Amino acid sequence: MSETAPNEEKGNSTPPPEPKAVVRRNRRWSTVWVVPLVALVLAGWLVWQHYSEKGVLVHVRFETAESIVSGKTEIRCRSVRIGVVESVDLSPDLQSVVVDIRVNPENEQLLRDGARFWVVRPRVSPSDVSGLGTLITGSYIELDPGDGTRMVHHFTGLEQPPVTKSSVPGLRLTLVADNPGSLVAGSPIYFRGFEVGRIERRSFDINVRRTILDVFIREQYASLVHENTAFWNTSGIDVSAGAEGFRVRTPSLQAMMAGGASFAVPEGKSPGKQATNGTSYRLYPDEESTRQQDFNPDRKCLVFFDQSIRGLKKGAPVEFRGIPFGRVVEISLRHGTADDKRIPVVIEVDPGILLQNESDARADRDALFAKAVREGLRARLGTGSLLTGALFVDVDFILMRLRQNSRAWVNIRCCPAIPPGSCSSKKRSMPSSPRSTPCPSRTRCRSSAPQRMKSPRPWPKPGPWWMRPKNCSQPTQPRT
């Protein structure tokens, strides 16, 4: 009590303030968080590096997975490894296989539109032997880069390797053939017996029903192909027998085994402009056909023959004084009548052969043919070969009267024929038969040279039958 009293007597004093805590935030990074942050960054970099180095995935479809092993089969471009097969699976429709290929990232620019894939394995064919090195190293998939600009990741692989790669410079043409024979992919293309190219692919166009051949000509020989160049088949041994006799054509040994084709500009024609990529040409069956490519029989004519036509076949030639004038297209009795016992033969002719100057080129072909018949154009059968007995139709101008006229018969113009035993103005080397029918009248046998008919022609002395006059038999001597 004695101690507190003096304090109370001094006056009313305020109590001292209570102490307060001051909170201050620490802005410094703690070293504890450095380790997890570094680990997170390192993990992200490793993941990015893994996927970036893994490359792009490409899907290629093949018919079979022969010689393809996942994780082992390599992908090469010009023999340089650019990837590996990652997996091989069946397609959903079970008609093919899908090969997943992992391509290195630095080679991703090769996967452009137009790229081609095929399996390189040992292959042996009549025209080529390839892939023998894979017997030791194993099969691999070859990539031929495309020339497009768009990146593609789905492709359809080739079952057969291309003969030439798309990157190889040269001239690429198309041949259209009715019957290509033994020509296949890889068959050589010759120019005067020297190989200048190859056939890349053979396919059949069902719309035109012809065989399409893709041809590659090397760049240094591309200038040999022009607008008027003709291609023909030189494969195999060609043995033919017809009105011209027997003909045997033998190419080189390589062409006999692998087939082949040749080309040249036909004699007498200008080369024309130089060929460009994609130009299409017709493939002729032989070289002889290229010389007749300007021959275009476009008029049908009906000829009636009184004698037998044994030996005359479809396709037999029709000649005008040794010049090709047409061909036989049909032999049928349906063009005749019931009371006509003659044999009708339909031929195709080119009346343009009869043109004598360029001013007649614009004349009507039908009118030109009708005029020729009025002036004495007649047809007859001739023997083309004694060995085969083949016949052909010989056409010439004969000055004699016949009962046939140049008239239309079922939309086909009719050409008169010479009956058996009639004399003609044209002399042929083929001997006449010793039993030939005598001329119906000496006055009706007229020659192309009228002056010879002014005086009667004396009969020749008896002699062998081949020395007797054409189609006129020697008179028989009266028996005693």
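Over seven bridges, strand β3 (residues 80-90) pairs with strand β4 (residues 97-103) in the antiparallel sense. Strands here are DSSP runs of E with at least two residues, numbered from the N terminus, and two of them pair if DSSP finds at least two bridges between them. Within this pairing, V85 stands opposite I101 in β4. The model is a predicted one, in which local features need pLDDT of at least 70 and side-chain atom pairs count only at pLDDT 80 or more, while totals for chains, interfaces and linings use all residues. Residues are numbered from 1 along each chain as its sequence is written, and side-chain values use heavy atoms, with hydrogens and water left out.

Two loop residues are worth a look. L94, in the loop between β3 and β4, has a positive phi of about 60° although it is not a glycine. L94 is exposed, at 61% relative accessible area; exposed means over 50%, buried under 20% and partly exposed in between, using a 1.4 Å probe and protein chains only. R321, likewise not a glycine, has a positive phi near 55°. The loop between β20 (317-320) and β21 (323-331) holds R321, which is partly exposed at 49%.

Turning to the aromatic residues, the structure holds seven aromatic pairs. Rings of Phe, Tyr and Trp (its six-membered ring) pair if their centres lie within 6.5 Å; planes under 30 degrees apart count as stacked, over 60 as edge-to-face and the rest as tilted. The rings of F194 and Y221 have centres 5.8 Å apart and planes at 65°, so this pair is edge-to-face. Because F194 lies in strand β12 and Y221 in the loop between β13 (210-218) and β14 (230-233), the pair ties together parts 27 residues apart in sequence. For F231 and F263, the ring centres are 5.1 Å apart and the planes are at 35°, so the pair is tilted. Both F231 and F263 are buried. Ring pairs also link F191, F231, F263 and Y281 into a cluster.

Finally, strand β12 (residues 194-205) includes E200, which counts as buried at 18% relative accessibility. Among the residues E200 touches, not counting those up to four places away in sequence, are R172 and D214; contact means heavy atoms within 4.5 Å.

How values were computed: Helix = DSSP H or I, 4+ residues; strand = E, 2+ residues; numbered from the N terminus.
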